[in-house]
Amino acid sequence: MSSTPLKLNLGEGSVSFNFSPQGAQELKGALDELMARLKNVAAKTTPGSGKVAPQAPVEYRYTGEVFLEIFCNPNIWATPFAAKVLLTVRDVNIRLTTEAELTRVIEDVNQYLEQVG
């Protein structure tokens, strides 16, 4: 099965790897869920709104030619636009773990889906 490379732009550079359209759809779903949880946290942190109900972290894992993991705890970010995710990409030869801006990852995944769609 041939895969189209997904390019994720990081703060300092980028990483590209073969990825499947199905994996990208699942990742988009996880990112949408994360964005909803971040919005819940942001909406409840306004003064006088009472105690914030903690939101569960979002974790996405994909195993193909490479292993991709994206993790974020929505409770530590004031707004969805400030949020970062912990990104791990690894295969048998290399492992990359770094932070990436959530909004940039969402843009990269959407662009990938437009390419393969």
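**Reading the sheet, the helices and the core**

Guide: Four strands form an open, antiparallel sheet in the order 3-4-5-6. Strands (E, at least two residues) and helices (H or I, at least four) are DSSP runs numbered from the N terminus, and two strands pair if DSSP finds at least two bridges between them. At the edges lie strand 3 (58-63) and strand 6 (95-101), each of which pairs on one side only. Neighbouring strands of the sheet are turned by 15° against each other on average, direction ignored; axes are lines fitted to C-alpha atoms, for helices over the stretch in contact, and angles run from 0 to 180 degrees between N-to-C directions.

The model is predicted: local features need pLDDT of at least 70 and side-chain atom pairs count only at pLDDT 80 or more, whereas totals for chains, interfaces and linings use all residues. Residues are numbered from 1 along each chain as its sequence is written, and side-chain values use heavy atoms, with hydrogens and water left out.

Visitor: How many bridges join strand 4 to strand 5?

Guide: Five bridges join strand 4 (residues 67-72) to strand 5 (residues 84-90), and the two run antiparallel. Within this pairing, I70 has L87 in strand 5 as its bridge partner.

Visitor: Which strands does each helix lie across?

Guide: Contact means heavy atoms within 4.5 Å. Helix 1 (residues 21-44) lies across strands 3, 4 and 5, at about 170° to strand 3. Helix 2 (residues 102-116) lies across strands 4, 5 and 6, at about 105° to strand 6.

Visitor: Which residues have the most contacts inside the largest nonpolar core?

Guide: A nonpolar core is a set of buried Ala, Val, Leu, Ile, Met, Phe, Trp, Tyr and Cys residues joined through side-chain atoms within 4.5 Å. Buried means under 20% relative accessible area, exposed over 50%, and partly exposed in between (1.4 Å probe, protein chains only). The largest core here has 32 residues, and F17, F19, L68 and L102 have the most contacts inside it. Helix 1 gives the most to this core, with seven residues. Leaving aside residues up to four places away in sequence, L102 touches several residues, including L31, L34, M35 and L38.

Visitor: Is S20 buried or exposed?

Guide: S20 counts as buried because its relative accessibility is 8%. This residue lies in the loop between strand 2 and helix 1. A polar atom of the S20 side chain lies 2.9 Å from the backbone nitrogen of G23.

Note on methods
A polar contact is a pair of N or O atoms within 3.5 Å; within protein, one must be able to donate a hydrogen and the other to accept it, and residues adjacent in sequence count only if both atoms are side-chain atoms.
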